[in-house]
Amino acid sequence: MTRFKDDFLWGSAVSAQQMEGAYNVGGKGISTRNLTTAGSRTNPRRTTKTMEEGVYYPASESIDFYHHYLDDIALFKEMGWKSFRTSIDWTRIYPNGDDEVANEEGLAWYRRMFTALKDAGIEPLVTLFHCETPVSLLKKYPTCWLDRRFMDAYVRYCKTVMTEFKGLVKYYLPFNELDCLLMGFPPEVMIPIYEEDSDRKMVEFIDFAHATSSSNRDIDLSVKALHNQLVASAMVVKIAHEIGGIQVGGMAGSIVYPMTARPEDSLLAMQKEQISTQYCLHVTVYGEYAPFAKRYWKEHEVTLEISEEDKKILKEGTCDFIAFAYYSSSCTTTDEEVKKTTKPAMFGAYMNPYIKSSDWGWQIDPIGMRILLNRLYALYHKPLWIVENGLGAVDVLEEDKTVHDTYRIDYLREHIRQIGEAIEDGVDVMGYLSWGGIDIISDTTGEMMKRYGFIYVDLDDEGHGTRERYKKDSFYWYKKVIASHGEDLD
Ligand code: BG6
């Protein structure tokens with residue numbers, strides 16, 4: 001008898017734009033990520049309007065999963081994965097986002113890939129939107145998620161996909177990380193507004209350590225775009241339930257600690273968590289906005305109008321489970337002295353002095369995972385699925401083609417241990433997917449050197465390499481963890 005359920009969904013997650021490559025194959029259209037340059041820890045990525053001469057776009061070929069999927073899935077099977085999360089690239093299905101008919105070649109490729117997963121006994125979890133915005137559709141509706149016609153095209157694409165893959169795909173997420181729009185990014189990072197006559201890049205990635213955008217104009221735009229996404233998400237749930245045999249998850253969740261025992265710090269931490277976690281989940285679980293949302297809108301002069309029709313849609317499309325990504329916790333404070341003496345962290349937070357950080361400054365907090373699981377379960381009583389977790393690190397491929405990534409094993413071990421504790425606390429956890437089980441391009445920096453995988457891919461930051469796959473030490477470790485149902489973590 002182990003703490004993890006017999007049908008616990010062990011595995012790993014990726015997104016199409018970070019690994020498929022083949023950007024001009026099979027009738028695919030161009031998405032914003034195909035036009036996103038590489039960056040680094042100090043040099044933000046940018047999204048250009050067309051493919052510029054001499055510029056490297058890492059999503060063009062990436063690790064070329066498109067052509068390697070059969071061999072890669074064989075490796076996933078060898079590790080014993082029960083589930084694999086990936087996204088569908090909207091522009092493989094509708095190259096312009098809203099074409100009259102769906103692209104048969106795109107549907108056929110995903111059908112082959114999902115069938116290969118099924119044959120390997122691996123259950124897909126499919127994200128329907130993971131930042132792969134069709135560029136043609138953006139030119140047609142330049143304000144993106146702020147335009148209802150953009151949203152309608154998205155819902156139509158989702159319906160096509162869910163209908164086509166009935167029987168092959170049981171689990172969907174309408175959006176990756178719904179919560180990102182209110183986390184302090186400038187809204188343009190998540191809503192790539194298109195301006196034909198301007199030099200402004202569609203999306204300029206930001207220095208994450210200083211992502212603290214909070215002007216009322218930014219919040220107003222983000223709230224309105226997010227509202228359309230929440231309505232679209234509810235429509236997708238409703239359609240999925242009508243098709244039948246599908247479960248849909250809402251995706252959000254993070255944890256914020258008060259830096260000191262000052263009541264003001266606890267209040268601020270609570271408010272930040274309300275916005276980063278409960279704002280979206282309350283809607284996806286209960287079909288209406290949480291009570292605190294009204295005050296938040298008022299204080300930031302948000303002018304969102306919610307129609308009776310939207311209210312009805314939100315009520316009719318509530319999710320079946322909650323998914324979340326967890327890499328790190330964060331700390332906040334109102335104390336000016338503490339602010340002066342503490343290093344800033346991502347999203348306007350401060351570094352927690354009690355825990356270590358990765359080389360990219362992401363703080364490592366396995367206990368936070370247990371706390372978050374407990375909090376989410378107490379609030380929503382829905383099954384929880386960890387759909388991203390992992391350590392981005394530089395790996396060394398030795399001459400004998402081994403990779404000794406003990407740091408990654410240590411990170412994952414401690415997080416899985418805390419999930420086991422949360423299960424003992426009574427939390428219903430349905431699965432655990434690490435992030436990037438095969439090395440892929442980093443989303444925030446576009447680097448290849450920031451690796452999360454159990455499988456090493458021979459590719460560097462400029463796109464050079466054989467793309468050969470090699471098993472890291474963590475490959476054998478994760479295989480043992482899954483075979484022992486999470487009990488043998490050594
Ligand atoms: C998640 C995203 O928030 O963070 C992924 O959903 C991303 O797409 C992951 O890859 C890790 O970020 P990065 O920049 O290390 O790839």
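**Cavities and a helix pair**

The largest cavity holds about 60 Å³ of space. This is a predicted model, in which local features need pLDDT of at least 70 and side-chain atom pairs count only at pLDDT 80 or more, while totals for chains, interfaces and linings use all residues. Residues are numbered from 1 along each chain as its sequence is written, and side-chain values use heavy atoms, without hydrogens and water.

A cavity is a set of points on a 1 Å grid over the protein atoms alone where a 1.4 Å probe fits but cannot get out, and its lining residues have an atom within 4 Å of a point. The volume is the space filled by probe spheres set on the points, which are joined across faces, edges and corners. The count is three cavities of 30 Å³ or more.

Residues lining the largest cavity include Glu20, Lys28, Arg33, Asp89 and Arg92. By class, this lining has two nonpolar, four polar and five charged residues. Here Ala, Val, Leu, Ile, Met, Phe, Trp, Tyr, Cys and Pro count as nonpolar, Asp, Glu, Lys and Arg as charged, and the others, Gly among them, as polar.

The second largest cavity has about 40 Å³. Tyr327, Trp362, Tyr411 and Tyr452 are among the residues around it, and its lining divides into six nonpolar, three polar and no charged.

Elsewhere, helix 9 (residues 263-286) packs against helix 13 (residues 366-380) at about 40 degrees, with the axes 11 Å apart. Helices are DSSP runs (H or I, at least four residues) numbered from the N terminus, and axes are lines fitted to C-alpha atoms over the stretch in contact, with angles from 0 to 180 degrees between N-to-C directions.

Note on methods:
Helix = DSSP H or I, 4+ residues; strand = E, 2+ residues; numbered from the N terminus. 1 Å grid on protein atoms, 1.4 Å probe; cavity = no way out; pocket = protein on both sides within 12 Å on 5 of 7 lines; lining within 4 Å.
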